[in-house]
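Visitor: Hi, could you walk me through this structure? I'm new to it.
Guide: Happy to. Let's bring it up first.

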Amino acid sequence: MSKTTTTLILELKKIQRIINSSPVLDIRHLKFHKGTIYGIVGPVGSGKSSLLSILSGSVNPDKGSILYDYEPFKKNFFGYTQIPTDVTYVNNNKTDNSTVKSLFRKSNASQVLSNYFSNLSADKIINTSIKKLSAGEKSAVELSYGIESDPRVLIIDNYALYYDNKMENKFRKKLVNINKDHGTTIILASPNEQTLRSFCSVLIYLDNGHISKIRTGSHKPRTTNRRRPTGYKKNNSTKSKSRYRGKNADSK
């Protein structure tokens with residue numbers, strides 16, 4: 001299958017992540033397709049965060065390779081991976097002195113945050129430094145920013161870990177909408193299978209760093225790619241199908 005007709009966007013080959021001489025992730029082969037919502041499910045310590053860090057380019061695997069649009073991630077002069085500008089990784093680890101408002105340089109922070117917080121709460125935190133936010137506030141702010149950045153691939157660790165049902169429902173609707181309207185590929189990790197099952201197309205189960213099974217979720221993958229906004233660099237007019245092909249049996 002040629003690059004012009006396939007829907008592949010990320011591919012892992014013989015990936016291993018080793019910490020303190022112990023393997024925490026060992027995946028033989030795993031593919032991700034454009035315009036699909038993936039849920040990574042597993043208990044604490046199963047390798048979810050390690051997998052997402054590698055997918056985002058934030059961490060290099062100790063063995064194996066990762067391809068993004070059929071090419072390895074680029075590296076800078078010092079050999080560090082350059083994360084593609086159209087990939088956004090939300091992992092609740094931002095701890096610098098930046099204010100919430102400074103994150104939203106290209107949009108109205110108050111207006112964006114009011115979609116998820118009450119107006120009173122949004123106004124209260126907008127000039128607060130990120131490191132002073134509660135875990136729930138930080139998670140919601142960073143996910144709001146990730147959605148607002150309109151990425152090609154949105155990767156979210158510990159999804160909805162700190163949200164009540166009302167806030168989770170707001171974010172869920174927004175994620176489904178950007179997937180539907182812009183063809184955004186979304187990869188979320190959570191120990192809560194039921195939360196992800198309700199809106200993911202594919203569920204990938206991890207156990208001790210290995211893929212134990214892959215199942216379909218309740219959300220149907222997009223069947224066509226709509227045109228991205230003006231200025232979007234890649235695949236602006238692609239009309240290929242975006243369907244999970246289930247060829248990961250050798251990764252179990």
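**Cores, a helix and some rings**

Guide: The largest nonpolar core has 36 residues, and those touching the most other members are F117, V141, I156, Y159, F171, L175 and L188. A nonpolar core is a set of buried Ala, Val, Leu, Ile, Met, Phe, Trp, Tyr and Cys residues joined through side-chain atoms within 4.5 Å. Buried means under 20% relative accessible area, exposed over 50%, and partly exposed in between, with a 1.4 Å probe and protein chains only. Apart from that core lies another, of 28 residues, among them L25, I40, I155 and A189.

Visitor: Before we go on, what kind of model is this?
Guide: It is a predicted model, where local features need pLDDT of at least 70, side-chain atom pairs count only at pLDDT 80 or more, and totals for chains, interfaces and linings use all residues. Residues are numbered from 1 along each chain as its sequence is written, and side-chain values use heavy atoms, with hydrogens and water left out.

Visitor: Which residues does I156 touch?
Guide: Not counting residues up to four places away in sequence, I156 touches L52, V90, L143, L175, I186, I187, L188 and A189. Contact here means heavy atoms within 4.5 Å.

Visitor: New topic: is helix 5 enclosed or exposed?
Guide: Helix 5 is largely enclosed by the rest of the structure, because ten of its 14 residues are buried. Among them are K138, V141, E142 and L143. Helices (H or I, at least four residues) and strands (E, at least two) are DSSP runs, numbered from the N terminus.

Visitor: What covers those buried residues?
Guide: The cover includes strand 6 (87-90), helix 2 (100-103), helix 3 (109-113), helix 4 (119-125), strand 7 (153-156) and helix 6 (165-182).

Visitor: And what comes just after helix 5?
Guide: There, D150 takes a positive phi of about 50°.

Visitor: How many aromatic pairs are there?
Guide: The count comes to eight aromatic pairs. In one of them, the rings of F32 and Y38 have centres 4.8 Å apart and planes at 70°, so that pair is edge-to-face. Rings of Phe, Tyr and Trp (its six-membered ring) pair if their centres lie within 6.5 Å; planes under 30 degrees apart count as stacked, over 60 as edge-to-face and the rest as tilted.

Visitor: Are F32 and Y38 buried or exposed?
Guide: F32 is buried, with a relative accessible area of 0%, and Y38 counts as buried at 0% too.

Visitor: Which residues form a ring cluster?
Guide: Ring pairs link Y116, Y159, Y163, F171 and F199 into a cluster.
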